[in-house]
Amino acid sequence: MDLWQLNIFCKVVERKSFSRAGQAVHLSQPTISSHIRDLESHFGCRLIDRLGKEAVPTKAGRLLYQHARRMLQLRDETETAMAEFQGSIKGRFVVGGSTIPGAYILPRLVGGFAERHPDVTLSLVIGDSEQILAETLEGTLELGIIGALAKDRRAEQVCILEDVMGLMVPASNPLADRKSIDLETLSKTPFILREKGSGTRQAISSHLRTLGIAIEDLSVVAEMGNTQAVIQGIKSGLGVSILSPIAVEEELASGRIRCIPVEGLHLSRNFYLTRHKDRTPSPLCTAFIRYMQEVYKLPEDLI
């Protein structure tokens, strides 16, 4: 077992594919398979199952992945610390984001940070809010940006951005011509819901509860695992949904989707920079947070 093999193993788990992992590290699929076999021989157990077209970690593989990510993170922190000692910032930094921050907010931050620090390699992990929070608390990620407040006391969160969601309706829907709709109409309209664990779903549920309405009272026609799937469902006429305007910026501009206010429902939510409060940030993490402070004019006592 060595760090290079663990890196390859993590790529297979994260990309759910031997061939995609090979593309990420510029190795052939047979070579990737050979490294995984060596690891399985070393530990004496199977680490990866091939289920259809996907490579999925076994229970032992999930355990190894958690430890391997921490070892690789420590490697990156070591390289960064030595580079910083010599007066430069370089190394590898992994940041996580829930669906909206991961797809629409973090790419811009990552791009600007990379332009300022060209010797830094940044990786972006996207998942739902629960996943990013869990990986941040486990130490797999140093920080994440999510759209939900954490109940876990180990989490330290700072609001970086307010988001005002709206009811997104396809232009072909009769509701699209209304200036607003009431809650009764909303409850009878086919609705597309995000999956459990989504920060968007949590925010919708929280706002509806303040009006005495449960999310189960909506006429849910589908639950979808990501925002893009919801957007496609709206455009195809499957139903309506409550989304961040950030996610449908192009569709709103083109008129394919329209945002309709819901009477009595103020759909604001925040995005939170999230860290483990007891973990000391690496030099790269500190530099990234400093950059975010500049962009969003955040308080200087974040770290």
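**Working through the model**

Analyst: α1 and α3 are roughly perpendicular to each other (angles of 65 to 115 degrees count as that, under 35 as roughly parallel, over 145 as roughly antiparallel, and the rest as oblique). The axes of α1 and α3, which spans residues 29-43, cross at roughly 110° and come within 10 Å. An axis is a line fitted to C-alpha atoms, for helices over the stretch in contact, and the angle runs from 0 to 180 degrees between N-to-C directions.

User: Before I read too much into that, what kind of model is it?

Analyst: It is a predicted model, where local features need pLDDT of at least 70, side-chain atom pairs count only at pLDDT 80 or more, and totals for chains, interfaces and linings use all residues. Residues are numbered from 1 along each chain as its sequence is written, and side-chain values use heavy atoms, with hydrogens and water left out.

User: Fine. At what angle do α1 and α2 pack?

Analyst: About 130°, with the axes of α1 and α2 (residues 18-25) 8 Å apart. That angle is why α1 and α2 count as oblique to each other.

User: What sits in the loop between α1 and α2?

Analyst: K16 is found there. K16 is not a glycine, yet its phi is positive, at about 55°. K16 is partly exposed because its relative accessible area is 41% (buried means under 20%, exposed over 50%, partly exposed in between, using a 1.4 Å probe and protein chains only).

User: How far apart are the C-alpha atoms of K16 and V56?

Analyst: They are separated by 6.1 Å, although K16 and V56 are 40 residues apart along the chain.

User: And the loop between α2 and α3, which residue is placed there?

Analyst: H26 has its place in that loop. The phi of H26 is also positive, near 60°, in a residue other than glycine. H26 counts as exposed because its relative accessible area is 72%.

User: Zoom out. How many helices and strands are in the chain?

Analyst: The chain has 11 helices and 12 strands; these are DSSP runs numbered from the N terminus (helices H or I, at least four residues; strands E, at least two). The C-alpha atoms fill a box of roughly 60 × 50 × 35 Å along the principal axes. Of the 303 residues, 49% count as buried.

User: New topic. How many salt bridges are there in the whole structure?

Analyst: A search finds 13, where a salt bridge is a side-chain nitrogen of Lys or Arg within 4 Å of a carboxyl oxygen of Asp or Glu. One of them joins the side chains of D163 and R269, at 3.2 Å from N to O. This pair links distant parts of the chain, with D163 in β6 (residues 155-164) and R269 in β12 (residues 268-276), 106 residues apart.

User: Are D163 and R269 buried or exposed?

Analyst: Both are buried.

User: What about K188 and E184?

Analyst: Their side chains meet in a salt bridge at 3.1 Å, N to O. K188 and E184 are separated by about one helical turn, because they are four residues apart in α7 (residues 183-188). K188 is exposed, at 59% relative accessible area.

User: Which residue forms a salt bridge with E195?

Analyst: R194, at 2.9 Å from N to O. E195 counts as buried, at 17% relative accessibility, and so does R194, at 3%.

User: Last one. Which residues link with E14 in a network of salt bridges?

Analyst: R15 and R69.
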